[in-house]
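Morning, everyone. I have one structure for you today. Please look at the screen.

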Amino acid sequence: VQLQASGGGLVQAGGFLRLSCAASGCSFSMYTMGWFRQAPGKEREFVAAVSWTGSITYYADSVKGRFTISRDNAQNTVFLHMNSLKPEDTAVYYCAGESGGLITKATMTTSYNYKYWGQGTQVTVSS
């Protein structure tokens, strides 16, 4: 299984970005997908997750109302739409995937429940 994240970049505060994560080598439609981020000197933290059906989503409180996670199973891709970006959103963003089974908030929001990880994409928000 390979996950390829893209779409990061430098943006001013208040701006938007759309991250993409393309999956290959798996039955993507059966995978729970998540986004996590890690800022310099900080631990990796949960951002958003979507169930394999797309019907269940969870968000970190810090991004709720500003970020939206979505998936296109026909394209084997999960997206993270990030609006109203803040300097504190600056981090390396990682997509993660795990086959089926993750449907509760506790499991979908915890990094060690995901087996597969992308390489990360840098998001920098200037003030």
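Start at isoleucine 103. This residue sits in a loop, the one between strand 9 (91–99) and helix 1 (105–108). Keep in mind that the model is predicted. Is isoleucine 103 buried or exposed, or partly exposed? Its relative accessibility is 47%, so isoleucine 103 counts as partly exposed. The cut-off for exposed is over 50%. Ile103 also belongs to a nonpolar patch on the surface, together with Met30 and Trp52. Those three residues have about 270 Å² of accessible area together.

Look at strand 1 and its partner. Strand 3 covers residues 17–24 and runs antiparallel to strand 1. Five bridges join the two.

Last stop, leucine 10. You will find leucine 10 in strand 2, residues 9–12. Its relative accessible area is 66%, so leucine 10 is exposed. What does leucine 10 touch, leaving aside residues up to four places away in sequence? The contacts are Thr124 and Ser126. Look at valine 125 too. Leucine 10 and valine 125 are 115 residues apart along the chain. Their C-alpha atoms are separated by 5.9 Å.

That's my tour. Over to you.

Conventions
Residues numbered from 1 in each chain as written. Predicted model: local features only at pLDDT ≥ 70, side-chain atom pairs only at ≥ 80, totals over all residues. Heavy atoms only, no water. Patch = residues over 30% accessible without salt bridge, like charges linked within 9 Å, V, L, I, M, F, W, Y side chains within 5 Å. Areas by Shrake-Rupley, 256 points an atom, 1.4 Å probe, with all protein chains shown as cover. Salt bridge = Lys/Arg side-chain N within 4 Å of Asp/Glu carboxyl O. Helix = DSSP H or I, 4+ residues; strand = E, 2+ residues; numbered from the N terminus. Buried < 20%, exposed > 50% of the residue type's maximum accessible area, 1.4 Å probe, protein only. Pairing = 2+ DSSP bridges. Contact = heavy atoms within 4.5 Å.
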